[in-house]
Amino acid sequence: MNIVTKKPEVLVSVHEARLHYQVGGAFAAMRGKSTVVKAVDGVTFDIRRGESVGLLGESGCGKTSMGRLLLKLEDTTGGSIHFDGEELGEVRRHRLKKFRSRAQLIFQNPFDAINPRFTIRATLSEPLENAGIPRSEREDRIIKALELVRLPEPEQFLDRYPHQLSGGQLQRVVMARALILQPEFVVADEPVSMLDVSVRAGVLNVFRDVRDRLGLTAIYISHDLALVRYVCERTIVMYLGRIMEDGPTEDIVHEPLHPYTKALVAAVPVPNPDQSHDPLPIGRGAPDPRNPPSGCVFRDRCPSAHARCASEVPQPRPVGSRLVACHLF
Amino acid sequence: MTEPLLSVRDLRVSYQVGRSFVHAVDGASFDIPKGSITGLVGESGCGKTTVARALTRVIADNAAITGGEILFEGRDLAKLPEREMNALRWRDIAFVPQSAMNSLDPVYTVEYQLGEVLRRRGGMDRRQARKRSEELFEMVGIDANRLNDYPHQFSGGMRQRVAIALALALNPKLIIADEPVTALDVIVQRQILDQLKELQVRLGLSVILVTHDISVVAYICDRTVVMYAGKVAESGTMQAALTAPSHPYTMGLRNAFPDLQGAASGVLTPIEGAPPNLANPPAGCRFKPRCPFALDVCGSEPPVVDVAPDHPVLCHRARESAALRIEAAKTETWMARA
């Protein structure tokens with residue numbers, strides 16, 4: 001682990017963060033029909049320097065919204081997020097620019113994240129230009145960034161356009177763009193979900209390698225525990241805007257505690273023809289963020305739900321090495 | 001193996017792109033036994049979707065079946081007149097296209113769309129169609145009172161269930177599903193797969209599941225056909241393909257997969273490089289540029305070798321596969337070429 005002793009150990013501190021959206025528009029509001037979607041609803045966690053944390057959950061669980069809050073691409077509607085001791089809500093103007101160079105996003109779909117009309121050189125020059133890096137230094141920085149993500153013979157890529165690169169190569173360019181300003185903190189949002197299995201491993205290996213070499217603090221957002229396990233030592237499981245379980249990834253893989261985590265772990269297919277085909281311990285249906293159940297948001301799909309789950313929101317409680325938000329613990 | 005339901009022999013499909021031809025499927029042969037689920041696996045651009053579409057002859061305007069046979073119940077679908085082929089679709093062979101959203105029309109209710117198939121193709125009247133629709137919804141686990149809903153009112157997983165109901169409408173013998181669970185979350189994915197398997201067993205269906213995800217195949221398929229660059233690299237039972245993969249590409253795929261059961265410290269090994277451009281494929285074995293075991297002989301067309309009964313492999317070194325498997329399990333083997 002790459003902890004610099006002078007600085008405080010915690011890089012990111014999230015306290016009761018909320019991101020509520022008003023949906024339904026003006027007409028619905030007039031008729032009193034607008035609703036609030038609680039994309040993130042009272043989430044608390046700290047991330048230490050050099051730590052890699054997986055944000056795990058299904059679509060609509062708030063994992064991407066949480067990532068956007070951490071990067072100040074969205075402002076919280078409640079609670080607070082501190083980055084290196086500074087409250088993100090207070091970060092403005094030139095300090096925002098500074099923050100942007102320290103915290104970066106690695107996008108999900110490399111084909112959407114890069115302007116198809118920009119050459120790779122132009123794509124990678126842009127952040128340098130924004131950060132005020134003199135023209136004379138840029139080429140050198142670009143080559144170094146491409147070497148960092150292990151694109152062989154980087155010079156040959158500079159004048160190419162995105163469509164001339166394979167998906168795996170393009171995702172490395174996306175990574176290079178996020179890393180070119182030497183950030184301390186990166187949020188990777190499902191960075192390999194669009195890639196073929198045979199090249200996925202290569203991109204994940206680069207991600208791990210770069211993170212270790214630069215001592216990055218990283219958030220890896222995914223719905224696939226097998227991928228999170230490969231890159232993160234700690235995992236936070238989210239469901240409908242709340243944290244269900246938070247702890248060391250290996251513990252979660254081998255002995256999930258929260259009923260939702262149990263279902264998630266059981267659902268991951270493994271390349272083994274002898275695996276179990278037991279029904280998943282979870283109710284059918286997708287979570288509806290407009291209309292979450294009272295009490296525990298997971299209770300309507302939970303096989304162990306009881307009366308207390310409807311009346312009282314379970315708070316995260318320490319269980320061994322973990323925090324679990326469930327009345328069973 | 002009993003008499004196959006479908007037998008594909010040396011199938012060739014080409015796309016015309018400008019003045020050149022892309023041979024997306026270049027001599028594919030495999031059998032689909034009755035009452036089995038077969039996984040058609042491979043990465044993007046390997047020709048798996050083209051094969052699936054060619055089986056129902058629903059291919060792009062610039063594509064054509066240029067050779068080979070598709071034998072289905074004694075008839076060659078590749079040469080069947082369009083009118084007879086059309087009579088076969090839905091009734092004998094149903095196709096579930098990639099992403100359920102694309103197979104459903106957003107401006108009609110789901111009942112209307114089911115009814116269209118049931119009345120036009122199944123010759124049912126309105127009342128029979130309604131009854132069958134309710135039956136179908138019950139089969140795929142959706143409440144019948146949602147029949148009047150529009151596609152956007154369903155979640156992704158539910159839409160996929162609707163697409164499966166649609167495919168089942170006229171009791172086909174074979175269902176071809178193109179990446180049916182790719183866009184879905186793990187939990188929904190698993191529930192859909194369980195549903196599909198349950199229906200397949202109950203109705204005695206044959207299913208071809210097109211996917212890039214070998215773990216999905218391992219979960220529900222009995223058999224697999226592994227494609228690479230327009231050719232079938234290897235085919236056989238699931239057990240054979242996973243425990244004794246005999247084509248270096250299949251061996252490589254096994255290594256590239258993150259696994260919840262394996263050791264935590266395990267390192268994933270990618271297959272370096274990318275599949276060849278099919279407008280101008282390399283001579284000989286198409287996997288040669290990425291293969292750690294390539295020899296000079298691989299520059300010539302590889303033979304199909306039966307490494308075991310019902311387990312053909314397209315590789316010059318297929319007979320050495322037991323030894324190659326040991327080498328292929330080591331990361332260094334694949335890194336050496338990088």
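**Strand pairing and chain contact in a predicted model**

The domain assignment of chain B, which is automatic or taken from a database, gives domain 1 (103-169) and domain 2 (245-335). This is a predicted model, in which local features need pLDDT of at least 70, side-chain atom pairs count only at pLDDT 80 or more, and totals for chains, interfaces and linings use all residues. Residues are numbered from 1 along each chain as its sequence is written, while chains are lettered from A and ligands numbered from 1 in the order in which they are written.

Q: What makes β1 and β4 of chain A a pair?
A: Pairing needs at least two DSSP bridges between two strands. Strand β1 (residues 10-23) and strand β4 (residues 78-83) of chain A have five, in the antiparallel sense, so they pair. Strands here are DSSP runs (E, at least two residues), numbered from the N terminus. A:S13 stands opposite A:H82 in β4(A).

Q: Why do β4(A) and β5(A) count as paired?
A: β4(A) and strand β5 (residues 86-87) of chain A share two antiparallel bridges. A:H82 has A:E87 as its bridge partner in β5(A). Two residues lie between the strands of this hairpin, and A:D84 takes a positive phi near 50°.

Q: What makes a residue part of the contact between chain A and chain B?
A: C-beta atoms, placed from the backbone, must lie within 7 Å. The contact takes 37 residues from chain B and 36 residues from chain A. α7 (186-203), α8 (214-220), α9 (238-243) and α10 (248-255) of chain B each supply at least two residues of chain B's side. Helices are DSSP runs of H or I, at least four residues.

Note on methods. Contact = placed C-beta atoms within 7 Å.
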